[in-house]
Amino acid sequence: MAKMAASLLESGEDAFRKVFKFYRRRNPPPDYSQVIDFSTGVPSDKIVPAKLDLAAVTDAEAARVGLQPVRDWRAFGLQGYPGFIFISNPFLPGSQPSWVRQCLKTYPQKPNVCNLDMHMSPSETQDIWGKSVHSLSVRSSAKREPKTLLERLRWVTLGYHYNWDTKTYSANHYTPFPADLHSLSLQITAACGFPGFNAEAGILNYYRSDSSLGIHVDESELDHSRPLLSLSFGQSAIFLLGGVCRQDAPTAMFMHSGDMMVMSGQSRLLYHAVPRILPAPQGHMASVMEGCGLSLQDSSGVEAVSEEDWAVCCRYIQSSRVNVTVRQVLGPGQSFPETPSSHQRTDAGQTAGYHDRAADGESEKRKRSSSCDSDDAQT
(Lines give C-alpha, C1' and ligand atoms only; values in the text may rest on other atoms or scores of the structure.)
Protein backbone atom coordinates (compact mmCIF):
# COMPACT_ATOMS: atom_id res chain seq x y z
CA MET A 1 0.00 0.00 0.00
CA ALA A 2 2.89 2.36 0.75
CA LYS A 3 4.23 1.69 -2.75
CA MET A 4 0.84 2.61 -4.14
CA ALA A 5 0.85 5.91 -2.22
CA ALA A 6 4.35 6.69 -3.43
CA SER A 7 3.44 5.93 -7.04
CA LEU A 8 0.63 8.48 -6.85
CA LEU A 9 3.19 11.24 -6.45
CA GLU A 10 4.25 10.86 -10.06
CA SER A 11 2.95 13.47 -12.49
CA GLY A 12 0.68 12.41 -15.30
CA GLU A 13 -2.80 12.65 -16.70
CA ASP A 14 -4.85 14.29 -13.94
CA ALA A 15 -2.51 13.05 -11.23
CA PHE A 16 -4.42 15.18 -8.72
CA ARG A 17 -7.64 13.25 -9.32
CA LYS A 18 -5.88 9.93 -8.76
CA VAL A 19 -4.50 11.07 -5.41
CA PHE A 20 -7.88 12.53 -4.44
CA LYS A 21 -9.61 9.22 -5.14
CA PHE A 22 -6.91 7.32 -3.27
CA TYR A 23 -7.50 9.25 -0.04
CA ARG A 24 -11.25 9.39 -0.60
CA ARG A 25 -11.77 5.62 -0.86
CA ARG A 26 -13.29 3.67 2.01
CA ASN A 27 -12.52 0.06 1.22
CA PRO A 28 -9.73 -0.73 1.49
CA PRO A 29 -8.81 2.35 3.55
CA PRO A 30 -5.90 4.41 2.23
CA ASP A 31 -2.39 4.37 3.62
CA TYR A 32 -1.55 7.62 5.40
CA SER A 33 2.21 7.14 5.59
CA GLN A 34 2.82 9.81 2.92
CA VAL A 35 0.66 12.45 4.65
CA ILE A 36 2.67 15.24 6.30
CA ASP A 37 1.74 15.94 9.93
CA PHE A 38 3.18 19.28 10.99
CA SER A 39 2.09 18.73 14.61
CA THR A 40 4.44 15.81 15.23
CA GLY A 41 7.69 17.60 14.47
CA VAL A 42 8.92 14.61 12.50
CA PRO A 43 11.64 15.80 10.08
CA SER A 44 10.83 15.72 6.38
CA ASP A 45 12.90 16.78 3.41
CA LYS A 46 9.83 18.73 2.21
CA ILE A 47 9.27 20.75 5.38
CA VAL A 48 11.19 23.99 5.88
CA PRO A 49 10.90 26.60 8.65
CA ALA A 50 8.77 29.62 7.75
CA LYS A 51 10.05 33.04 8.71
CA LEU A 52 7.56 35.20 10.58
CA ASP A 53 7.65 38.93 11.28
CA LEU A 54 7.96 38.90 15.08
CA ALA A 55 7.69 42.69 15.31
CA ALA A 56 4.46 42.96 13.30
CA VAL A 57 2.17 41.77 16.11
CA THR A 58 2.65 42.56 19.79
CA ASP A 59 1.95 39.94 22.45
CA ALA A 60 -1.05 41.99 23.58
CA GLU A 61 -2.47 42.19 20.05
CA ALA A 62 -2.08 38.44 19.62
CA ALA A 63 -3.69 37.69 22.99
CA ARG A 64 -6.68 39.90 22.19
CA VAL A 65 -7.68 37.46 19.43
CA GLY A 66 -6.73 34.36 21.41
CA LEU A 67 -3.29 33.73 19.90
CA GLN A 68 0.04 32.91 21.50
CA PRO A 69 2.93 35.35 21.08
CA VAL A 70 4.18 35.11 17.48
CA ARG A 71 7.62 33.97 18.68
CA ASP A 72 5.96 30.79 20.00
CA TRP A 73 4.17 29.90 16.76
CA ARG A 74 5.32 26.78 14.93
CA ALA A 75 5.27 27.89 11.29
CA PHE A 76 6.41 25.86 8.29
CA GLY A 77 6.77 26.05 4.55
CA LEU A 78 7.04 23.31 1.92
CA GLN A 79 9.76 22.81 -0.65
CA GLY A 80 8.39 23.61 -4.08
CA TYR A 81 5.49 25.74 -2.76
CA PRO A 82 6.70 29.36 -2.47
CA GLY A 83 4.32 31.50 -0.45
CA PHE A 84 2.69 28.62 1.43
CA ILE A 85 2.79 28.87 5.23
CA PHE A 86 1.37 26.30 7.65
CA ILE A 87 0.94 27.34 11.29
CA SER A 88 0.40 24.47 13.71
CA ASN A 89 -2.29 25.56 16.22
CA PRO A 90 -1.06 28.92 17.56
CA PHE A 91 -4.17 29.47 19.71
CA LEU A 92 -3.88 30.12 23.43
CA PRO A 93 -5.30 27.34 25.64
CA GLY A 94 -8.98 27.97 26.11
CA SER A 95 -9.46 30.29 23.12
CA GLN A 96 -10.50 27.80 20.41
CA PRO A 97 -13.94 27.25 21.99
CA SER A 98 -14.79 30.91 21.47
CA TRP A 99 -14.03 30.69 17.73
CA VAL A 100 -15.94 27.41 17.44
CA ARG A 101 -18.93 29.08 19.10
CA GLN A 102 -18.70 32.01 16.67
CA CYS A 103 -18.70 29.63 13.69
CA LEU A 104 -21.71 27.70 14.95
CA LYS A 105 -23.79 30.30 16.80
CA THR A 106 -22.96 33.76 15.47
CA TYR A 107 -21.71 33.67 11.87
CA PRO A 108 -24.62 31.58 10.47
CA GLN A 109 -27.12 34.20 11.63
CA LYS A 110 -28.62 36.94 9.49
CA PRO A 111 -27.61 39.08 7.69
CA ASN A 112 -25.02 36.49 6.63
CA VAL A 113 -25.99 33.96 3.95
CA CYS A 114 -26.03 30.15 4.16
CA ASN A 115 -27.02 27.15 2.04
CA LEU A 116 -30.32 26.81 3.90
CA ASP A 117 -31.42 30.15 2.45
CA MET A 118 -31.57 28.49 -0.96
CA HIS A 119 -34.69 26.50 -0.06
CA MET A 120 -36.04 28.05 3.16
CA SER A 121 -37.63 31.41 3.99
CA PRO A 122 -35.68 34.09 5.90
CA SER A 123 -37.87 33.57 8.96
CA GLU A 124 -37.03 29.87 9.01
CA THR A 125 -33.27 30.53 8.96
CA GLN A 126 -33.37 33.58 11.25
CA ASP A 127 -32.10 31.74 14.35
CA ILE A 128 -30.35 28.53 13.32
CA TRP A 129 -28.64 28.08 16.67
CA GLY A 130 -31.77 28.76 18.72
CA LYS A 131 -33.81 26.28 16.68
CA SER A 132 -31.13 23.57 17.01
CA VAL A 133 -29.74 23.92 20.51
CA HIS A 134 -32.46 22.00 22.38
CA SER A 135 -32.34 18.95 20.12
CA LEU A 136 -28.55 18.85 20.16
CA SER A 137 -28.47 19.22 23.95
CA VAL A 138 -30.88 16.39 24.78
CA ARG A 139 -30.39 14.07 21.83
CA SER A 140 -29.73 10.42 22.56
CA SER A 141 -26.98 8.91 20.44
CA ALA A 142 -28.91 5.63 20.36
CA LYS A 143 -31.90 7.14 18.60
CA ARG A 144 -31.86 8.35 15.00
CA GLU A 145 -33.54 11.74 14.83
CA PRO A 146 -34.08 14.35 12.10
CA LYS A 147 -31.14 16.66 11.52
CA THR A 148 -31.23 20.06 13.14
CA LEU A 149 -30.70 23.20 11.05
CA LEU A 150 -27.19 23.43 12.47
CA GLU A 151 -26.43 19.91 11.27
CA ARG A 152 -27.80 20.79 7.83
CA LEU A 153 -25.43 23.73 7.41
CA ARG A 154 -23.00 23.23 4.53
CA TRP A 155 -21.70 26.75 3.99
CA VAL A 156 -21.99 30.32 5.23
CA THR A 157 -20.69 33.42 3.44
CA LEU A 158 -19.57 36.67 5.08
CA GLY A 159 -18.83 40.18 3.81
CA TYR A 160 -18.95 40.12 0.02
CA HIS A 161 -21.18 37.10 -0.52
CA TYR A 162 -19.93 34.73 -3.17
CA ASN A 163 -22.37 34.04 -6.01
CA TRP A 164 -22.22 30.29 -6.70
CA ASP A 165 -23.84 30.65 -10.14
CA THR A 166 -21.67 33.41 -11.62
CA LYS A 167 -18.61 32.59 -9.48
CA THR A 168 -18.17 36.27 -8.66
CA TYR A 169 -18.47 38.83 -5.88
CA SER A 170 -20.38 42.07 -6.35
CA ALA A 171 -20.75 45.43 -4.64
CA ASN A 172 -24.51 45.03 -4.16
CA HIS A 173 -24.31 41.73 -2.28
CA TYR A 174 -22.46 42.72 0.86
CA THR A 175 -23.02 42.72 4.62
CA PRO A 176 -20.57 43.94 7.27
CA PHE A 177 -17.68 41.53 7.80
CA PRO A 178 -17.43 40.31 11.44
CA ALA A 179 -15.05 42.61 13.33
CA ASP A 180 -13.59 39.84 15.48
CA LEU A 181 -12.73 37.62 12.52
CA HIS A 182 -11.29 40.63 10.69
CA SER A 183 -9.02 41.33 13.66
CA LEU A 184 -7.89 37.70 13.90
CA SER A 185 -7.15 37.61 10.16
CA LEU A 186 -5.24 40.90 10.35
CA GLN A 187 -2.90 39.64 13.08
CA ILE A 188 -2.21 36.30 11.37
CA THR A 189 -1.48 37.80 7.96
CA ALA A 190 0.66 40.59 9.46
CA ALA A 191 2.82 38.02 11.24
CA CYS A 192 3.21 36.22 7.91
CA GLY A 193 4.50 39.35 6.18
CA PHE A 194 1.27 40.87 4.84
CA PRO A 195 0.50 44.03 6.84
CA GLY A 196 -2.77 45.83 6.17
CA PHE A 197 -4.73 42.76 5.05
CA ASN A 198 -8.37 43.72 4.65
CA ALA A 199 -10.71 40.80 5.33
CA GLU A 200 -13.59 41.43 2.92
CA ALA A 201 -15.09 37.99 2.27
CA GLY A 202 -15.33 34.74 4.15
CA ILE A 203 -16.58 31.27 3.36
CA LEU A 204 -17.26 28.78 6.13
CA ASN A 205 -17.53 25.12 5.15
CA TYR A 206 -19.17 22.67 7.53
CA TYR A 207 -17.93 19.10 7.06
CA ARG A 208 -19.49 15.90 8.33
CA SER A 209 -17.50 12.67 8.53
CA ASP A 210 -18.26 11.72 4.89
CA SER A 211 -17.81 15.19 3.37
CA SER A 212 -15.14 16.32 0.94
CA LEU A 213 -14.13 19.44 -0.98
CA GLY A 214 -13.49 18.92 -4.68
CA ILE A 215 -10.41 19.96 -6.66
CA HIS A 216 -10.44 23.70 -7.34
CA VAL A 217 -8.54 26.99 -7.47
CA ASP A 218 -9.53 30.16 -5.57
CA GLU A 219 -9.33 32.97 -8.09
CA SER A 220 -12.65 34.81 -8.00
CA GLU A 221 -11.11 37.61 -5.94
CA LEU A 222 -10.09 40.59 -8.06
CA ASP A 223 -6.71 40.99 -6.32
CA HIS A 224 -4.51 37.88 -6.11
CA SER A 225 -1.57 39.68 -4.53
CA ARG A 226 -3.17 39.36 -1.10
CA PRO A 227 -3.07 35.99 0.69
CA LEU A 228 -5.81 33.45 1.26
CA LEU A 229 -6.21 32.48 4.92
CA SER A 230 -7.64 29.14 6.08
CA LEU A 231 -8.56 28.13 9.66
CA SER A 232 -9.60 24.67 10.84
CA PHE A 233 -11.68 23.67 13.88
CA GLY A 234 -12.99 20.32 15.12
CA GLN A 235 -12.18 17.03 13.44
CA SER A 236 -9.10 16.61 11.27
CA ALA A 237 -8.84 16.60 7.48
CA ILE A 238 -6.46 15.61 4.72
CA PHE A 239 -5.59 18.65 2.63
CA LEU A 240 -4.10 18.24 -0.86
CA LEU A 241 -1.99 21.03 -2.33
CA GLY A 242 -1.12 20.66 -6.00
CA GLY A 243 0.23 22.80 -8.81
CA VAL A 244 -1.05 25.13 -11.49
CA CYS A 245 -2.46 22.21 -13.51
CA ARG A 246 -4.32 19.04 -12.64
CA GLN A 247 -1.42 17.07 -14.07
CA ASP A 248 0.71 18.14 -11.08
CA ALA A 249 0.54 15.56 -8.29
CA PRO A 250 -0.41 17.14 -4.94
CA THR A 251 1.24 16.96 -1.53
CA ALA A 252 -0.98 15.57 1.25
CA MET A 253 -1.00 17.01 4.77
CA PHE A 254 -3.13 16.78 7.89
CA MET A 255 -5.07 19.78 9.18
CA HIS A 256 -5.97 19.52 12.85
CA SER A 257 -8.13 21.75 15.02
CA GLY A 258 -6.54 25.18 15.43
CA ASP A 259 -4.23 24.81 12.42
CA MET A 260 -3.93 27.63 9.91
CA MET A 261 -2.72 27.97 6.33
CA VAL A 262 -1.71 31.10 4.46
CA MET A 263 -1.51 30.81 0.67
CA SER A 264 0.26 33.71 -1.00
CA GLY A 265 2.43 34.45 -4.00
CA GLN A 266 2.81 31.44 -6.29
CA SER A 267 0.81 29.19 -3.96
CA ARG A 268 -2.19 31.54 -4.05
CA LEU A 269 -3.48 30.07 -7.33
CA LEU A 270 -2.66 26.40 -6.90
CA TYR A 271 -5.15 23.55 -7.11
CA HIS A 272 -6.18 22.14 -3.74
CA ALA A 273 -8.84 19.89 -2.24
CA VAL A 274 -10.01 18.05 0.88
CA PRO A 275 -10.72 14.39 0.07
CA ARG A 276 -11.35 13.14 3.58
CA ILE A 277 -12.39 14.03 7.13
CA LEU A 278 -10.72 11.97 9.87
CA PRO A 279 -11.21 11.57 13.62
CA ALA A 280 -8.90 14.03 15.35
CA PRO A 281 -6.03 12.52 17.33
CA GLN A 282 -6.92 12.32 21.01
CA GLY A 283 -4.44 14.98 22.06
CA HIS A 284 -5.72 17.51 19.55
CA MET A 285 -9.34 17.25 20.62
CA ALA A 286 -8.33 17.30 24.28
CA SER A 287 -6.68 20.69 23.72
CA VAL A 288 -9.97 22.01 22.35
CA MET A 289 -12.18 20.40 24.97
CA GLU A 290 -10.17 21.83 27.85
CA GLY A 291 -11.53 25.24 26.94
CA CYS A 292 -14.85 24.66 28.70
CA GLY A 293 -14.81 26.76 31.85
CA LEU A 294 -11.14 27.69 31.45
CA SER A 295 -10.30 31.14 32.77
CA LEU A 296 -8.69 33.13 29.97
CA GLN A 297 -5.91 35.56 30.78
CA ASP A 298 -6.94 39.16 31.45
CA SER A 299 -5.28 40.47 28.28
CA SER A 300 -7.32 38.15 26.06
CA GLY A 301 -10.17 39.77 24.18
CA VAL A 302 -11.70 36.36 23.48
CA GLU A 303 -14.95 35.84 25.30
CA ALA A 304 -15.28 32.74 27.47
CA VAL A 305 -17.93 30.25 26.35
CA SER A 306 -20.75 29.31 28.69
CA GLU A 307 -21.07 25.66 29.69
CA GLU A 308 -24.48 25.52 27.98
CA ASP A 309 -23.11 26.80 24.67
CA TRP A 310 -20.00 24.65 24.87
CA ALA A 311 -22.07 21.49 25.45
CA VAL A 312 -23.71 22.08 22.05
CA CYS A 313 -20.45 23.03 20.32
CA CYS A 314 -18.74 20.02 21.82
CA ARG A 315 -21.39 17.64 20.56
CA TYR A 316 -21.11 19.12 17.08
CA ILE A 317 -17.32 19.07 16.66
CA GLN A 318 -16.99 15.55 18.03
CA SER A 319 -18.14 14.39 14.61
CA SER A 320 -17.67 17.44 12.38
CA ARG A 321 -15.14 19.97 11.11
CA VAL A 322 -15.51 23.68 10.37
CA ASN A 323 -13.16 25.43 7.94
CA VAL A 324 -13.01 29.21 7.63
CA THR A 325 -11.40 30.86 4.61
CA VAL A 326 -10.88 34.61 4.61
CA ARG A 327 -10.11 36.64 1.50
CA GLN A 328 -9.36 40.21 0.46
CA VAL A 329 -11.44 40.70 -2.66
CA LEU A 330 -10.31 44.13 -3.87
CA GLY A 331 -6.85 45.61 -4.13
CA PRO A 332 -6.07 49.28 -3.39
CA GLY A 333 -8.10 51.49 -5.71
CA GLN A 334 -9.93 48.55 -7.27
CA SER A 335 -13.68 48.39 -7.79
CA PHE A 336 -16.03 45.77 -9.13
CA PRO A 337 -16.54 45.58 -12.91
CA GLU A 338 -20.03 46.41 -14.12
CA THR A 339 -20.27 43.07 -15.92
CA PRO A 340 -18.83 40.07 -14.03
CA SER A 341 -16.20 38.09 -15.90
CA SER A 342 -17.33 34.71 -17.22
CA HIS A 343 -13.83 33.22 -17.31
CA GLN A 344 -13.31 32.49 -13.65
CA ARG A 345 -12.83 29.05 -12.18
CA THR A 346 -14.69 27.37 -9.38
CA ASP A 347 -14.14 28.87 -5.93
CA ALA A 348 -13.76 27.09 -2.57
CA GLY A 349 -16.91 25.98 -0.80
CA GLN A 350 -18.93 26.03 -4.01
CA THR A 351 -21.72 23.51 -4.30
CA ALA A 352 -19.74 21.97 -7.14
CA GLY A 353 -16.67 21.48 -5.00
CA TYR A 354 -18.17 20.72 -1.58
CA HIS A 355 -19.55 17.22 -1.49
CA ASP A 356 -21.60 15.67 1.28
CA ARG A 357 -23.38 12.39 0.75
CA ALA A 358 -26.07 13.57 3.16
CA ALA A 359 -26.47 17.02 1.65
CA ASP A 360 -30.27 17.02 1.70
CA GLY A 361 -30.57 16.56 -2.03
CA GLU A 362 -28.52 19.63 -2.93
CA SER A 363 -26.90 19.63 -6.34
CA GLU A 364 -23.31 18.40 -6.17
CA LYS A 365 -22.09 18.61 -9.77
CA ARG A 366 -21.47 21.57 -12.00
CA LYS A 367 -19.09 22.01 -14.86
CA ARG A 368 -16.11 24.28 -14.74
CA SER A 369 -13.25 25.04 -17.07
CA SER A 370 -9.66 26.12 -16.65
CA SER A 371 -6.61 26.92 -18.72
CA CYS A 372 -5.19 23.51 -17.87
CA ASP A 373 -8.18 21.24 -18.41
CA SER A 374 -11.93 20.97 -18.28
CA ASP A 375 -13.51 18.67 -15.73
CA ASP A 376 -16.04 18.36 -12.93
CA ALA A 377 -14.94 20.02 -9.74
CA GLN A 378 -16.60 17.14 -7.92
CA THR A 379 -14.93 13.74 -8.04
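The largest cavity has a volume of about 130 Å³. A cavity here is a set of points, on a 1 Å grid over the protein atoms alone, where a 1.4 Å probe fits but cannot get out; lining residues have an atom within 4 Å of a point. Grid points are joined across faces, edges and corners, and the volume is the space filled by probe spheres set on the points. The structure holds three cavities of 30 Å³ or more.

This is a predicted model, in which local features need pLDDT of at least 70 and side-chain atom pairs count only at pLDDT 80 or more, while totals for chains, interfaces and linings use all residues. Residues are numbered from 1 along each chain as its sequence is written, and side-chain values use heavy atoms, with hydrogens and water left out.

**Stop 1: the cavity lining.** Select Ser 230, Phe 239, His 272, Asn 323 and Thr 325, which lie nearest the centre of the largest cavity among its 17 lining residues. By class, the lining has nine nonpolar, six polar and two charged residues. Ala, Val, Leu, Ile, Met, Phe, Trp, Tyr, Cys and Pro count as nonpolar, Asp, Glu, Lys and Arg as charged, and the others, Gly among them, as polar. Next, colour the strands that each supply at least two lining residues, including β8 (228–234), β11 (260–263) and β12 (272–278). β13 gives the most, with three residues. Strands (E, at least two residues) and helices (H or I, at least four) are DSSP runs, numbered from the N terminus.

**Stop 2: strand β3.** From β11, move to β3, which pairs with β11 in the antiparallel sense over four bridges; two strands pair if DSSP finds at least two bridges between them. Ile 87 stands opposite Met 260 in β11. Strand β2 (residues 75–78) is also antiparallel to β3 and is joined to it by two bridges, with Ala 75 opposite Ile 87. The hairpin of β2 and β3 has five residues between the strands, and Gly 80 takes a positive phi near 90 degrees there.

In a regular strand the side chains alternate between the two faces of the sheet. In β3 (residues 84–87), Phe 84 and Phe 86 on one side and Ile 85 and Ile 87 on the other are all buried, that is, under 20% relative accessible area with a 1.4 Å probe and protein chains only (exposed is over 50%, partly exposed in between).

**Stop 3: Ala 50.** Select Ala 50, in the loop between β1 (47–49) and α3 (59–64). Not counting residues up to four places away in sequence, Ala 50 touches Ala 75, Phe 76, Gly 77 and Ile 85, where contact means heavy atoms within 4.5 Å.

**Stop 4: helix α4 and Trp 129.** Nine of the 11 residues of α4 (residues 96–106) are buried, so the helix is largely enclosed by the rest of the structure. Among the buried residues are Trp 99, Arg 101 and Leu 104. Now select Trp 129 in helix α5 (residues 128–138). Trp 129 counts as buried because its relative accessibility is 6%. Leaving out residues up to four places away in sequence, its contacts include Leu 104, Lys 105 and Cys 313. The C-alpha atoms of Trp 129 and Lys 105 are separated by 5.3 Å, although the residues are 24 apart along the chain.

**Stop 5: helix α7.** Finish at residues 179–191, the 13 residues of α7. Buried residues in α7 include Leu 181, Leu 184 and Ile 188. The helix is followed by Gly 193, whose phi is positive, near 95 degrees.

Methods
Expected span 1.5 Å × (residues − 1). 1 Å grid on protein atoms, 1.4 Å probe; cavity = no way out; pocket = protein on both sides within 12 Å on 5 of 7 lines; lining within 4 Å.
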